[in-house]
Amino acid sequence: METLQITRPDDWHIHLRDDDALRTTATHASHYLGRALIMPNLQPPVTTAEAALAYRQRILDNCPAASPFTPLMALYLTDQSSPDEIRQSADSDKIIAAKLYPAGATTHSQSGVKDIQRLYPLFAIMEEVGLVLSIHGEVTDPSVDIFDREKRFIDDHLRAIVDTFPQLRVVLEHITTATAVDFISSARRGVAATITAHHLLLNRNDLFRGGICPHNYCLPLLKREADRCALVNAACAANPRFFYGSDSAPHPRQGKESACGCAGIYTAHAGIELCAEIFSEAETLDRLEGFCSHFGADFYGLPHNTDSITLTASPWSVPDCYEYSHNDLIPFRAGQKVSWKIQEASV
Ligand code: NCD
Ligand code: ZN
């Protein structure tokens, strides 16, 4: 049976939620990840260094004692974010990024930023203190076609941010388009992107297979097949500007299967196995380790994990649902097979 040993992977964009939900999400994530960058879009959002560190402890309290899992935190930027909060966050080695959500762009982004230009003084401080700017890159203007919102964000905001702050490290999160791949590929040093497993596996037809498929609804939306292929090429190119960020985003079943369903796909139960499928299909399995275990750490200036995991090409069935905070959570590939499996964690 084909096996593959890689440095323990990291996930540079994940939603673990809070309270009871952590029993499911932190257990799944800590099973195979070394580190993860935890998104701050709780309700209320994580807008202070103090709140981020308290949230981090709640996550750790829900991880098995022997787990090597290290949560790394991101601060949620708002129109009221202060220079002090940026400096305090940067002072902690446990807070490594500040997250820009344009207000209204996605789940729990109501407190996000309405006027990006007004954050420029904060970006200058982040540039100075070395805090990474992590961006949900979609405009929110309702007159812009929802499939074009990533491209418009790049043109209307991202180019200017990257040019105005030449030393600021910027991650465009969960990219979905060939346009974003081209932008990141040719951007200056210090500009990178995360890519999810679901955007590598699905295109927008998967939202409408025989009817509307709410469990494939996430933001930014799935795009055309040509975009998916561009993402696969970028991920499998061993280009250190592209690394893994699952954007695993759980919602209770009734929140997804609703007249106005929530955006978010849950992949934390099988994230690396899904990536192995993608890289195997592209005949670039030897590059999986760079994408999942090395390039993100390099970008954030952190060492590689020192232990490893072993994957085997042995198909397994994803459960129909997981228990999630007294609700059902429908995972990606529910009731279907994933063709790779994590065999063991070895030191
Ligand atoms: C995320 C969530 O549910 O928190 N949803 C999603 O569709 N990706 C928010 C986000 O990252 O956009
Ligand atoms: Zn996300």
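**View 1. Residues around ligand 1 in the predicted model.** Of the 15 residues around ligand 1 (a heavy atom within 4 Å of it), those that come nearest are Arg17, Asn41, Thr106, Leu219 and Asp247. By class, this shell holds four nonpolar, nine polar and two charged residues (Ala, Val, Leu, Ile, Met, Phe, Trp, Tyr, Cys and Pro count as nonpolar, Asp, Glu, Lys and Arg as charged, the others, Gly among them, as polar). The model is predicted, with local features needing pLDDT of at least 70 and side-chain atom pairs pLDDT 80 or more, while totals for chains, interfaces and linings use all residues. Residues are numbered from 1 along each chain, chains are lettered from A and ligands numbered from 1 as written, and side-chain values use heavy atoms without hydrogens or water.

**View 2. Polar contacts of ligand 1.** Such a contact is a pair of N or O atoms within 3.5 Å. Oxygen atoms of ligand 1 lie 2.8 Å from a polar side-chain atom of Arg17, 2.8 Å from a side-chain N or O atom of Asn41 and 3.2 Å from one of Thr107. The protein covers 100% of the 310 Å² of accessible area that ligand 1 has on its own (Shrake-Rupley method, 1.4 Å probe).

**View 3. Lining of the largest pocket.** Its lining comprises 20 residues, with Arg17, Asp18, Leu42, Gln43 and His108 nearest the centre (a pocket is an open set of points on a 1 Å grid over the protein atoms alone, with protein on both sides within 12 Å along at least five of seven lines; lining residues have an atom within 4 Å of a point). Helix H2 (residues 49-61) gives the largest share, three residues (a DSSP run of H or I, at least four residues). The lining has 10 nonpolar, six polar and four charged residues.

How values were computed: A polar contact is a pair of N or O atoms within 3.5 Å; within protein, one must be able to donate a hydrogen and the other to accept it, and residues adjacent in sequence count only if both atoms are side-chain atoms. On a 1 Å grid over the protein atoms alone, a cavity is a set of points where a 1.4 Å probe fits but cannot get out, and a pocket is an open set with protein on both sides within 12 Å along at least five of seven lines; lining residues have an atom within 4 Å of a point. Helices (H or I, at least four residues) and strands (E, at least two) are DSSP runs, numbered from the N terminus.
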